[in-house]
Amino acid sequence: MKPSTPAIAAAAVLMMFSSAGYAQDSGASLFQSRCQMCHGADGKGDTPTGKAFHVPNLHDPAVAKMTDAELAGVITKGKNKMPAFGTRLTSAQIDSLVAYIRTLQKQ
Ligand code: HEC
């Protein structure tokens, strides 16, 4: 039996909604979906991918003393193995990520 086209279309729409629902604008959910695999949930980079890519600890004083604009610049343009997110995220999303990194640094 062939699956009906409307059923496939409905499934495709559902998938689109579920991924869009995940990509919310809050810094925390963006960090979980885009950054955590390298930087770790706590920003310490203590993940297998983080170690392989030599991801810095975001709590490190060298990162903590960077300005918000500098952090946003790295996220937008990338740096060495750090991917650039400027084409995938809006500047508002990048700002909320910078704000989220600041809350991680206080922990
Ligand atoms: C593929 C793994 C990977 C992903 C995904 C990733 N990063 Fe990075 N990130 C890196 C690496 C590697 C560096 C170190 C870059 C360097 O200094 O050479 C880094 C560095 C940084 C720094 C510190 C910059 C500095 O100058 O020390 C910040 C802030 C940062 N990332 C934020 C983010 C945010 C926010 C996201 C999600 C939008 C993200 N990263 C996603 C790998 C990643």
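**Close-up views of a predicted model**

**Figure 1. His54, an exposed residue in a loop.** Although His54 is not a glycine, its phi angle is positive, at about 55 degrees.

**Figure 2. Asn80, a residue with positive phi in the loop between α5 and α6.** Asn80 is a residue other than glycine, and its phi is near 50 degrees. The relative accessible area of Asn80 is 78%, so this residue is exposed. Its place in the chain is the loop between α5 and α6.

**Figure 3. The iron atom of the ligand and its two protein donors, His39 and Met82.**

**Figure 4. The octahedral arrangement around the iron atom of the ligand.** There are 6 donor atoms around this iron atom, and the angles they subtend run from 87 to 178 degrees. The arrangement is octahedral because of these angles. As a point of reference, the ideal angles for six octahedral donors are 90 or 180 degrees.

**Figure 5. Accessibility of the coordinating residues His39 and Met82.** Which class, buried or exposed, applies to His39? His39 has a relative accessible area of 11%, and because buried means under 20%, His39 is buried. Met82 has a relative accessibility of 22% and therefore counts as partly exposed.

**Figure 6. The largest pocket and its lining.** The volume of the largest pocket is about 640 Å³. Its lining comprises 26 residues, of which His39, Val55, Pro56, Val74 and Met82 are the closest to the centre of the pocket.

**Figure 7. Elements and residue classes in the lining of the largest pocket.** The elements that contribute two or more residues to this lining are α2, α4, α5 and α6. Helix α2 gives the largest share, with 6 residues. Sorted by class, the lining holds 19 nonpolar, 3 polar and 4 charged residues.

Terms used
Residues are numbered from 1 along each chain as its sequence is written. This is a predicted model: local features need pLDDT of at least 70, side-chain atom pairs count only at pLDDT 80 or more; totals for chains, interfaces and linings use all residues. Side-chain values use heavy atoms; hydrogens and water are left out. Donors are N, O and S atoms within 2.8 Å of the metal (3.2 Å for Na, K and Ca); water is not among the atoms, so sites may look incomplete. Four donors count as tetrahedral if all angles lie between 85 and 135 degrees; four count as square planar and six as octahedral if opposite donors are over 155 degrees apart and all others between 65 and 115; anything else is irregular. Buried means under 20% relative accessible area, exposed over 50%, partly exposed in between (1.4 Å probe, protein chains only). Helices (H or I, at least four residues) and strands (E, at least two) are DSSP runs, numbered from the N terminus. On a 1 Å grid over the protein atoms alone, a cavity is a set of points where a 1.4 Å probe fits but cannot get out, and a pocket is an open set with protein on both sides within 12 Å along at least five of seven lines; lining residues have an atom within 4 Å of a point. Grid points are joined across faces, edges and corners, and a volume is the space filled by probe spheres set on the points. Ala, Val, Leu, Ile, Met, Phe, Trp, Tyr, Cys and Pro count as nonpolar, Asp, Glu, Lys and Arg as charged, and the others, Gly among them, as polar.
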